[in-house]
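Let's take a walk through this structure together, one region at a time. Have the sequence and the 3D view ready.

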Amino acid sequence: MTSREDIVVFLGPTLPRERAMECLEATYLPPAEQGSLVRAVRALKPRLVVLIDGSFSRVPAVRHKEILWTLAQNIPVFGAASIGAVRAAELAAVGMQGHGLIYRWYRRTPLADDDEVAVAMMPTELGAAPLSDALINIRLTLGAARRAGILSEALRRAMETLARRTYFIDRLYAPLIASARNRLPVETHAELDNFERWWPHHAIDQKRADAIGLLRRLAATPDVPGPPAVRTAFRLTEAWAYDLDAAGLLTSDIADIP
């Protein structure tokens, strides 16, 4: 374990904090929401920000503009696994740095849905543990089951369609299997029985793997990575000033950065 307490990591359901600390001893904060990066930069003055998890249902999601503002302070921002991968893919051209398979998938998949990585989670006061399974993990697990001969290609596709049509807070393997039994022909039930026995020991958690990979990468880096060569001038727009006000933040010390 390497200590990098000048790194701020926004983490929630993707990875337990105790496991994250085994990879990188940093300053861990709850999932980011609108205004979280601004507050962290002002209060903690980090040398590096890592965005893994964010809140987006009960509160406004972390804004692209505050990531741009953070980058304009010469503070590198990395993203992986969950909303961090989404934002890194969206902002790669202006300097946010991504890591992992999910980030790369978002980069090469135009119009990919954010709900691929969305999960329900417990309140942050209770640790923000996941209460559902991410669609991208389910799809990867179904693919692995197909390659292992557990599922036919037709059943894999049917179960993926069912998972995609399920609201993200209700995506769990057991209800997915039950739904497949109710909706699909009885001839598929033997395969579903096999999958029900197989998945608890073979389910893929790519979100967790990507988060661990990024934290280990940072722990293994002798120096905190500097900002990328690509930088974009920052402008305090009226719309973002409104967002800051809505988040209870003042704009007095957020100026234009050429």
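Predicted model: local features only at pLDDT ≥ 70, side-chain atom pairs only at ≥ 80, totals over all residues.

Buried here means under 20% relative accessible area, exposed means over 50%, and partly exposed is anything in between, all with a 1.4 Å probe and protein chains only. Residues are numbered from 1 along each chain as its sequence is written, and side-chain values use heavy atoms, with hydrogens and water left out.

You'll find Leu236 in the loop between helix H10 (206–220) and helix H11 (238–246). Those labels come from DSSP runs numbered from the N terminus: helices (H or I) have at least four residues and strands (E) at least two. Leu236 and Lys65 are 171 residues apart along the chain, yet 8.8 Å separates their C-alpha atoms.

Glu25 belongs to strand E2 (residues 24–29), and its C-alpha atom is 10.0 Å from that of Val8, 17 residues away along the chain.

Now for the inside: how many of the residues of H4 are buried? The count is 8 of its 9, so to speak a mostly covered helix. The buried residues are Ile83, Gly84, Ala85, Val86, Arg87, Ala88, Ala89 and Leu91. They pack against E3, H3, strand E4 (77–80), strand E5 (97–99) and helix H5 (101–108). Take Gly84 from this helix: its relative accessibility is 0%, so Gly84 counts as buried. Leaving aside neighbours within four places in sequence, Gly84 is in contact (heavy atoms within 4.5 Å) with Leu51, Ile52, Gly79 and Met96. From Gly84 to Lys65 is 19 residues in sequence and 14 Å in space, C-alpha to C-alpha.

In the loop between E4 and H4 sits Ala81. Ala81 isn't a glycine, but it has a positive phi of about 75 degrees. Its relative accessible area is 0%, so Ala81 is buried. Leu111 also has a positive phi without being a glycine, this one about 65 degrees. Leu111 lies in the loop between H5 and H6, and it counts as exposed because its relative accessibility is 84%.

Next, look at Asp53, in the loop between strand E3 (48–51) and helix H3 (64–72). Is Asp53 buried or exposed? With 2% relative accessibility, Asp53 counts as buried. Not counting residues up to four places away in sequence, Asp53 touches Phe10, Leu11, Gly12, Pro13, Thr14, Pro31, Ala32, Ser82 and Ile83. Met121 is 68 residues from Asp53 in sequence, and their C-alpha atoms are 11 Å apart.

On to the empty spaces. Rolling a probe the size of a water molecule over the atoms shows where empty space is left. On a 1 Å grid over the protein atoms alone, a pocket is an open set of points where a 1.4 Å probe fits, with protein on both sides within 12 Å along at least five of seven lines, and lining residues have an atom within 4 Å of a point. The largest pocket holds about 460 Å³ of space. Gly54, Ser55, Phe56, Ser57 and Val119 are the closest to its centre among the 24 residues that line the largest pocket. Helix H4 (residues 83–91) gives the most to this lining, with 3 residues. The second largest pocket has about 250 Å³. Of its 16 lining residues, Ser132, Asp133, Ala134, Asn137 and Asp205 are the closest to the centre.

Let's finish at helix H9. The buried residues of H9 are Leu192, Phe195 and Trp198. An α-helix has 3.6 residues a turn, so residues three or four places apart point the same way. What covers the buried residues of H9 includes helix H6 (135–147), helix H7 (153–165) and helix H8 (173–183).

How values were computed: Points joined across faces, edges and corners; volume = space filled by probe spheres on them.
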